[in-house]
Amino acid sequence: MMDLMKLTAVQLSDKIKAGEITVSQAVDAALDAMEKKDGTIHAFVYTNREHAQKKAAEIQEKIDAGQLTGPLAGVPVAVKDNICTKGMPTTCASRIMENFVPMYQSEAAANLEKAGMVIIGKTNMDEFAMGSTTETSCYGATKNPWNVEHVPGGSSGGSCAAVAAGEVLLALGSDTGGSIRQPSSYCGVTGIKPTYGTVSRYGLIAYGSSLDQIGPVAGNVTDCAALLQEIASYDKKDSTSVKLDDYDFMSALKHDVKGMKIGIPRDYFGEGLDPEVLGPIQKAAAVLKEQGAIVEHFDLGMVEYAIPAYYVIASAEASSNLERFDGVKYGYRAADYEGLHDMYKKSRTEGFGREVKRRIMLGSFVLSSGYYDAYYLKALRTKALIKKAFDAAFAKYDIILAPAAPTTAPRLGESLSDPLKMYLGDIYTVSANLAGIPGISIPCGLDSKGMPVGMQMLGDCFKEKTILQAAYTFECCRGDIFGKEAH
Amino acid sequence: MAEIITDETIDYVSILAKLKLTEAEKEDAKADMQKMLNYIDKLDELDTSGVEPMSHVFSFDNVFREDVVTNQDDRDAMLANAPLAKDGQYKVPKTVE
């Protein structure tokens, strides 16, 4: 029998719909691959074959009856552990959420089921999505399938590693400051952070609510577009959900960038950018130029202010969002305490990990009386200026082309000791969250150690189709840069 | 120059954050926060006078709906996640003397 994990997700669904293989076989293929590889990679924190096979049988019936005809019907999918899945543990990789089993389905997971996909498990992540390496997980680190001595990136490291290792063809991640695009870059997979409001946040356990967005992770642009198409929806339950005129993202999969204007920010190519990343990005830009795109360098501006503004806003929102974890309604409660307040404090102190506490402390400080204007409002004013800089750029360009991260994946254990240095690694991704714009990371090369490099393309709000078309065109021309599969 | 983070600041912020830090953790928190604030100070270079703080990139209208219950009575399912429950309610330490 053919190796189903070598197909694309869209091809797999086509074979299922044509009756060549069953949903059950597809689920087994993924879970067998997971069992074989995940002991080393540790991308998953939860799987349940029995439950997945039960769902597979239900979906098979609907496919056979012609009720499910979508591009991904029958395909197994993994879901990041901060996205609520009814009846399946959802812990944000935090001790404070241990044993939490949601009694409701997040809108994104509900959309997966509506599309006839089978959720086969939950993927590892940095605790509460706070981190860039998936090392802050209470379950321990995920390893990069390209070299298990290296991190997969984060915070959606489990989702990206699972796809890179061929344990699953599709996964959902979430992106607050780069948490889909950066690990996609490190793991050599394709990931999209959609425009804020495109995918419902209902059931996504909040980190920075004004920045969080759920998005697709896949092995190629077509599968990414298909998955985005299935999860994007207008949802009354998310007051920031936006109704789009057009959800047909797959129609953007055209090999054509003639006349497309691509701007490369000079300010992204200075100090801190590894030459081993710069090279593949320049080559990728040259490929798009050859295909007829107009490629220019320009000054974006405001780049150095994005990270400080981001960490003020994200930490402030996190400190507020994480107030709900108090040991009363769900999750961890300390064993010994004296009275209510002591119970709150001890449960939170024992339940949250170090990075989470660090951000809650910073967030509480910048929101506190006397500092609110100087830090929090200052950051929100900076955000307005960053948005303005992007508006000016998109008046001239269809796409902004940049690296997804300044380096390839660092080795395990190298990042957490110097948080500020780790935060600086988010330089190319956080601005998109502050400005609300969509971005894709697509593999464009390997460094001399054989680790993947990701190219990021940013578009104006709701211009997902523009970046998908450019990414698809690049992918068509790129060929097999990897020469071998990950792991 | 950034605000100097003192022991008192850390104690006050721990109260706001509802965290009980050990002395060693307090020292770490003090150093971490100082380092971050020194870095965040970079924002002071920017002239933001006359710039409105932007909380959301799109102007969202408030979403209203009729005050009608649409969900089921999920009490027992919700309580199943509680660390302690009794008689259909969350159980917490005595809060009023």
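**Before starting.** I am working from a predicted model, so I treat every value here as computed from it.

**Strand β4 of chain A.** I began with β4(A), residues 170–175. Are its residues buried or exposed? Six of the six are buried, so the strand is largely enclosed by the rest of the structure. I then checked which way the side chains go. Leu170(A), Leu172(A) and Ser174(A) point one way, while Ala171(A), Gly173(A) and Asp175(A) point the other. Next I looked up the strand's partners. Strand β2 of chain A (residues 76–80) pairs with β4(A) in the parallel sense, over two bridges, and Ala78(A) has Ala171(A) as its bridge partner. Strand β6 of chain A (residues 213–218) runs antiparallel to β4(A), joined by six bridges. In that pairing, Ser174(A) stands opposite Ile214(A).

**Nonpolar core.** I wanted to know how many residues the largest nonpolar core has. In soluble globular proteins, nonpolar side chains tend to be buried together. I followed up Phe390(A): its contacts beyond four places in sequence include Tyr268(A), Leu300(A), Ile400(A) and Leu458(A). Ser431(A) is also one of them.

Most residues other than glycine have a negative phi, and most peptide bonds are trans. I went looking for exceptions. Cys92(A) has a positive phi of about 55 degrees, and Asn99(A) has one of about 70 degrees. Cys92(A) sits in the loop between β2 and α4 of chain A, and Asn99(A) is found in that loop too. Which of these is buried, and which exposed? Cys92(A) is buried, because its relative accessibility is 1%; Asn99(A) is exposed, because its value is 63%. I also noted a cis peptide bond from Gly154(A) to Ser155(A), with omega near 10 degrees. Ser155(A) is in the loop between β3 and α5 of chain A.

**Asp81(A).** I stayed with the β2 to α4 loop of chain A, where Asp81(A) is found. Asp81(A) counts as buried, at 1% relative accessibility. Its contacts beyond four places in sequence include Cys92(A), Lys122(A), Met125(A) and Tyr139(A). Asp81(A) and Met125(A) are 44 residues apart in sequence, but their C-alpha atoms are 7.0 Å apart.

**Salt bridges.** In chain A, Asp3(A) and Lys6(A) meet at 3.2 Å, N to O; Asp3(A) is partly exposed at 41% and Lys6(A) is exposed at 53%. Lys329(A) and Asp326(A) form another, with closest N and O atoms 3.9 Å apart. Here Asp326(A) is buried at 14%. In chain B, Lys30(B) and Asp7(B) come to 2.8 Å. That pair links distant parts of the chain, helix α2 and helix α1 of chain B, 23 residues apart. I also found a network with residues from both chains: Arg354(A), Glu355(A), Arg358(A), Arg359(A), Asp28(B) and Asp32(B).

**Surface patch on chain B.** Last, I checked which residues make a nonpolar surface patch of about 230 Å². They are Met78(B), Tyr90(B) and Val92(B). Tyr90(B) is placed in strand β2 of chain B and is partly exposed at 33%.

Note on methods
Residues are numbered from 1 along each chain as its sequence is written. Chains are lettered from A and ligands numbered from 1 in the order in which they are written. This is a predicted model: local features need pLDDT of at least 70, side-chain atom pairs count only at pLDDT 80 or more; totals for chains, interfaces and linings use all residues. Side-chain values use heavy atoms; hydrogens and water are left out. Patches are made of residues with over 30% relative accessible area and no salt bridge: like charges are joined within 9 Å, nonpolar side chains (Val, Leu, Ile, Met, Phe, Trp, Tyr) within 5 Å. Accessible areas come from the Shrake-Rupley method with a 1.4 Å probe; for residues, only the protein chains shown count as cover. A salt bridge is a side-chain nitrogen of Lys or Arg within 4 Å of a carboxyl oxygen of Asp or Glu. Helices (H or I, at least four residues) and strands (E, at least two) are DSSP runs, numbered from the N terminus. Buried means under 20% relative accessible area, exposed over 50%, partly exposed in between (1.4 Å probe, protein chains only). Two strands pair if DSSP finds at least two bridges between them. A nonpolar core is a set of buried Ala, Val, Leu, Ile, Met, Phe, Trp, Tyr and Cys residues joined through side-chain atoms within 4.5 Å. Contact means heavy atoms within 4.5 Å.
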